[in-house]
Amino acid sequence: SQGVIPAGSYTLTGDCVIAASLRVAAGETVTIDGGGFAVDGDNMYGVFRVYEGATLNLSNITIQNGSAMFDGGGVLNFGGTVNIDHAIITDNASGDAGTLYNSAGTMSVSNSVIKNNTAPGGAAFINFATLNIINTTIAFNTNTHPSSSTIVSNQIASVLNLINVTIADNVAGSEILNNGIANFHNSIISGGCSGTGSYVDQGGNLENTNTCGLSTGANTDPM
């Protein structure tokens with residue numbers, strides 16, 4: 001079940017436990033200042049769903065205890081624009097893939113912490129379009145798939161931009177599966193990369209496995 005959020009700007013004044021997934025309808029814009037409070041999926045619902053041409057702006061918010069049978073226990077973007085700033089994304093679960101799932105459109109996450117989430121594919125993120133991650137830590141997430149095990153999954157013909165990002169202390173075969181284009185700048189990857197995509201080292205990076213193509217940080221253990 002899903003509940004439509006009317007277009008507009010909102011400020012939370014307390015924690016919110018939802019009784020259905022929160023939907024931003026096609027073409028609408030919703031802005032939520034969390035005020036430091038949480039939107040809680042009650043371990044039953046994927047928290048936010050964003051439809052084609054819609055925009056969802058989230059700031060100063062925690063997204064927690066989301067649960068999706070398939071994709072996007074935290075946020076599922078079907079082709080809109082999602083901007084998340086100063087957020088904690090924690091303790092969400094997806095039956096298939098991606099706590100933050102970008103199936104189309106653009107998703108940007110900045111100044112945030114992504115932790116303690118679980119999924120069989122791309123435990124933190126899965127991207128099929130454009131994903132920007134800036135000034136963010138991704139840690140203590142768990143991929144539950146025995147073979148295709150990763151934390152951030154960037155698919156064919158997709159673009160992943162990492163700027164000032166730390167990905168470490170997750171449970172997975174590799175931190176990043178990249179079959180598209182992944183751009184790295186001032187980032188730390190502890191746990192390795194896999195896939196057949198292009199890795200672009202824009203400088204200031206560290207990795208500890210020499211699998212991400214980061215020439216400035218190859219064979220350097222950042223942790």
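User: Are cysteine 193 and cysteine 212 buried or exposed?

Analyst: The test is relative accessible area: under 20% counts as buried. In this predicted model, cysteine 193 and cysteine 212 are both buried.

User: What joins cysteine 193 to cysteine 212?

Analyst: Look at the sulfur atoms. A disulfide joins the two residues, with S to S at 2.0 Å. A search of the whole structure finds 1 disulfide. Cysteine 193 sits in strand β23 (residues 193–194), and cysteine 212 in the segment after β25 (206–207), so the pair ties together parts 19 residues apart in sequence.

User: What is the handedness of the disulfide?

Analyst: Read the torsion about the S-S bond. For cysteine 193 and cysteine 212 it is about 90°, so the disulfide is right-handed.

User: Where is asparagine 127, and what does it touch?

Analyst: Asparagine 127 belongs to strand β15 (residues 125–127). Its relative accessible area is 0%, so it is buried. Leaving out residues up to four places away in sequence, its contacts include Asn102, Ser153, Gln155 and Leu160.

User: What about the overall fold: how many helices and strands?

Analyst: The protein has 0 helices and 25 strands. Of its 223 residues, 51% count as buried.

User: What does the radius of gyration say?

Analyst: Compare it with a globule of equal length. A compact globule of 223 residues would have a value near 17 Å; the protein has 16 Å, which agrees. The C-alpha trace spans about 50 × 30 × 30 Å along its principal axes.

Notes
Residues numbered from 1 in each chain as written. Predicted model: local features only at pLDDT ≥ 70, side-chain atom pairs only at ≥ 80, totals over all residues. Heavy atoms only, no water. Helix = DSSP H or I, 4+ residues; strand = E, 2+ residues; numbered from the N terminus. Rg over C-alpha atoms; globule rule 2.2 N^0.38 Å. Buried < 20%, exposed > 50% of the residue type's maximum accessible area, 1.4 Å probe, protein only. Contact = heavy atoms within 4.5 Å. Disulfide = S-S within 2.5 Å.
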